Amino acid sequence: MTAVNSTADTKWFTEARFGMFIHWGLYSQAARHEWVKHRECITSEDYEKYFDMFDPDLYDPRAWAKAAREAGMKYFVITTKHHEGFCLWDSKHTDYKAPNTPCGKDLLKEMVDAFRAEGLHVGFYYSLIDWHHSEFPCDKIHPQRDDKEFREKTKGRDVSKYAAYMRDQVRELLTDFGQIDILWFDFSYPGEDGKGHEDWESEALVKMIRELQPSIMINNRLDLPGVGDLVTPEQYVPTEAPTDEDGNPQVWEGCQTFSGSWGYHRDEASWKSVPMLIQMLVNHVSRGGNLLLNVGPTARGEFDARALDRLQGMGEWMGRHSRAIYGCTQAPAEFAAPLDCRYTWNPETNRLYCHIFAWPFKELHLPGMEGKIKYAQLLNDASEIKFRETKADVHAALNAKTPQGAVTLELPAVKPDVEVPVVELFL
Ligand code: GLC
């Protein structure tokens, strides 16, 4: 298979570092995971009640966009269609769309406008999987996978008709909503009773996308070797930056949830705390990646209190620390972060940021930094952090020793009143 050369613009993306994923659809009403149709083997007939009831009367995308911007996010990715097949926009190619529910309108257009008005870049998630479409062949993850009669009845389904439907829809998404910065496909599972690039006709899809929007980024889930402007680890943070077969670093974005489910989940109790989420963001950036953090709005169209609380907490931190995130990346290998710390580094300003996850007692030794630091300060209040190098230490017998080649930061005894303190090092 021929690799398709990419014309994607990734510069804004690697500077942005922090985005919002939004999973919103009919499953928000079930409120027990966006895979509910699969998990509970619900038929399309039985699922229809959610279509008939969908009425997000409190939907105000300007409030969503504001919450995202205030959290420090620079882009968003919205599920235009998830695996259930329901479309948020007024697609000409299906009746299974928001305008035909009690909500009665296109939900996507307003959203795109609202996020753009807050200065965010726009990404569209589009599910390759479709558990509603009449030509989508039943397979091992289909809600009716175990229903022999259904399999028999639907065995004449023609996946190439479905692939054409996807192209029609993607064309619409890339024609009617202005410039789209990311196309986020989900997902391929090639092999027995699965689906991959031959089913999706990925090559034709990519060719069309590149013609319509040459600078758009396409993620790596089309099962097409050579296509993937971004690598997308999900629900885990890679311990080091992913590389391609030749060892070159890849553009990557971890996508993560607050609580495990992507769609609104009323009863899930495993919500991450604000400090944990900030550390997660730092972990991504310190390994050269982006964090795409998911919100699952309710079926009435709101971010719930738990989500708003986390976003607000992250925004509070970002307000004083975004300099250590935007435009930053993994530090050069010569800088090895000390215990319980992470480094991010801005190559343009040549500043190194030491994010301190566990506050030490008074002193922090930075290995290998002797002679490299001009000035150091706490980022939250620009208060100077004095430091000493090994040489200066030889007469101070009562002081703890600075290890060879290290710089010792003299920190206040009390942790600054921010979730994750950062020392800004001017090199
Ligand atoms: C998974 C799931 C899905 C979610 C996605 C986000 O692949 O299928 O529900 O949308 O991850 O990355």
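The legends below describe close-up views of a predicted model.

View 1. The protein is divided into domain 1, covering residues 11-324, and domain 2, covering residues 341-426. Their C-alpha centres are 40 Å apart. Domain 1 gives 14 residues to the contact and domain 2 gives 15.

**View 2. The open sheet of β8, β9, β14 and β11.** Four strands make up this open sheet, in the order β8-β9-β14-β11, with antiparallel pairing. The edges are taken by β8 (341-346) and β11 (375-378); each has a single partner strand, so one side of each has no neighbour in the sheet. From one strand to the next the twist averages 20°.

View 3. Helix α11 is formed by residues 274-286 and lies across β8 and β9, the latter spanning 351-356. The helix runs at about 55° to β8.

**View 4. Parallel pairing around strand β2.** Strand β2 consists of residues 75-81, and seven of its seven residues are buried. Strand β1 (residues 18-22) pairs with β2 in the parallel sense through four bridges. Here phenylalanine 21 is placed opposite valine 77 of β2. Strand β2 is also joined to β3, again in parallel, by six bridges. In that pairing, tyrosine 75 has histidine 121 of β3 as its bridge partner.

**View 5. An aromatic pair between strands β3 and β4.** The model holds 29 aromatic pairs. One of them is formed by tyrosine 126 and phenylalanine 185, with an edge-to-face arrangement: the ring centres are 6.3 Å apart and the planes stand at 85° to each other. The pair links distant parts of the chain, with tyrosine 126 in β3 (residues 121-127) and phenylalanine 185 in β4 (residues 182-186), 59 residues apart. Both tyrosine 126 and phenylalanine 185 are buried.

View 6. One aromatic cluster is made up of Trp24, Phe51, Phe54, Tyr59, Trp64, Phe86, Tyr96 and Phe303. Trp24 is also among the residues touched by threonine 298, together with Ser28, Tyr264 and Asp304, when residues up to four places away in sequence are not counted. Threonine 298 belongs to the loop between β7 (289-295) and α12 (305-321). Its relative accessible area is 14%, under the 20% limit, so threonine 298 counts as buried.

**View 7. Two lysines over aromatic rings.** Lysine 37 places its charged end over the ring of tyrosine 47, at 5.0 Å from the ring centre. In a second case, lysine 195 lies over the face of phenylalanine 136, and the distance to the ring centre is 4.4 Å.

How values were computed:
Residues are numbered from 1 along each chain as its sequence is written. This is a predicted model: local features need pLDDT of at least 70, side-chain atom pairs count only at pLDDT 80 or more; totals for chains, interfaces and linings use all residues. Side-chain values use heavy atoms; hydrogens and water are left out. Two strands pair if DSSP finds at least two bridges between them. Helices (H or I, at least four residues) and strands (E, at least two) are DSSP runs, numbered from the N terminus. Axes are lines fitted to C-alpha atoms, for helices over the stretch in contact, and angles run from 0 to 180 degrees between N-to-C directions. Contact means heavy atoms within 4.5 Å. Buried means under 20% relative accessible area, exposed over 50%, partly exposed in between (1.4 Å probe, protein chains only). Rings of Phe, Tyr and Trp (its six-membered ring) pair if their centres lie within 6.5 Å; planes under 30 degrees apart count as stacked, over 60 as edge-to-face and the rest as tilted. A charge sits over a ring if NZ of Lys or CZ of Arg is within 6 Å of the ring centre and within 35 degrees of the ring normal. Domain bounds come from an automatic or database domain assignment.
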